[in-house]
Amino acid sequence: MTNLNKKVTRQVNIKNIISKVGIYLVLVFVALCILAPLYVVLITSFKTKTEAMDPSFTFWPKEFDLHGYIEVLTYTSGGGDELPTVIRGFLNTMIICIPTSIIGVLVSALAAFAFSKIKFKSKNVLFAILLGTMMIPGTISMIPSYIIFDNIGWTDSFLPLIIPGLL
């Protein structure tokens, strides 16, 4: 290689290194912007109540206190339910999400199979209607849905959260 080629190759390598360093600096900055609030929340959760409410910020608690976690995990709403509120919320989420996910995937797979493999009249029209209803924002149908659920007596149950998700 000639000296000119070596010099050009070295300049290209230096430019590549500088661009990579710049990219990594930007990535580190973005990561710090994301992780800093999480760190503040986590550290504040271990502070005592008075230290957490203090307007001056410290990066490390003066004394670690797990009282907040104990309170959250043992608090009951007092409505006759013996389970802690966090556990009750977790169970409610599982009651709603698990059947909706499993049956929703099954029904969607069956509909997708029918639209893709089975030939029947007005398949394209039905598929267009299906796509059209999927494009309607949920906020538009919120009040009519509530009125329907109220008329059939579902407003005091999980059914309005589960049944529409199944279909």
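Let me start with helix H4: four residues of the lining of the largest pocket come from H4, and that is the largest share. Helices here are DSSP runs (H or I, at least four residues), numbered from the N terminus.

Before going on, a word on what we are looking at. This is a predicted model, where local features need pLDDT of at least 70 and side-chain atom pairs count only at pLDDT 80 or more, while totals for chains, interfaces and linings use all residues. Residues are numbered from 1 along each chain as its sequence is written, and side-chain values use heavy atoms, with hydrogens and water left out.

Back to that pocket. The space in it comes to about 470 Å³. Fifteen, or rather 15, residues line the largest pocket, and Leu-130, Thr-133, Met-134, Pro-164 and Leu-167 are the closest to its centre. Two or more lining residues come from each of H4 (85–117), H5 (123–134) and H7 (159–166). A pocket, on a 1 Å grid over the protein atoms alone, is an open set of points where a 1.4 Å probe fits, with protein on both sides within 12 Å along at least five of seven lines, and lining residues have an atom within 4 Å of a point. The volume is the space filled by probe spheres set on the points, which are joined across faces, edges and corners.

What is the lining made of, by class? Nine residues are nonpolar, six are polar and none is charged. For these classes, Ala, Val, Leu, Ile, Met, Phe, Trp, Tyr, Cys and Pro are nonpolar, Asp, Glu, Lys and Arg are charged, and the others, Gly among them, are polar.

Now, how do these helices pack? The axes of H4 and H7 are 8 Å apart, at an angle of about 15°. H4 and H7 are therefore roughly parallel to each other, a label for angles under 35 degrees. Axes are lines fitted to C-alpha atoms, for helices over the stretch in contact, with angles from 0 to 180 degrees between N-to-C directions. On the H4 side, the contact includes Ile-95, Ile-96 and Pro-99, and on the H7 side Leu-161 and Ile-162; contact means heavy atoms within 4.5 Å.

H4 also meets H5: their axes come within 10 Å and cross at roughly 145°. Ala-114, Phe-115 and Ser-116 of H4 touch Lys-123, Leu-126, Phe-127 and Leu-130 of H5.

Last, the second largest pocket, with about 210 Å³ of space. H3 gives the most to its lining, five residues, and by class that lining has three nonpolar, five polar and four charged residues. Thanks, everyone!

Key. Parallel < 35°, antiparallel > 145°, perpendicular 65-115°, else oblique.
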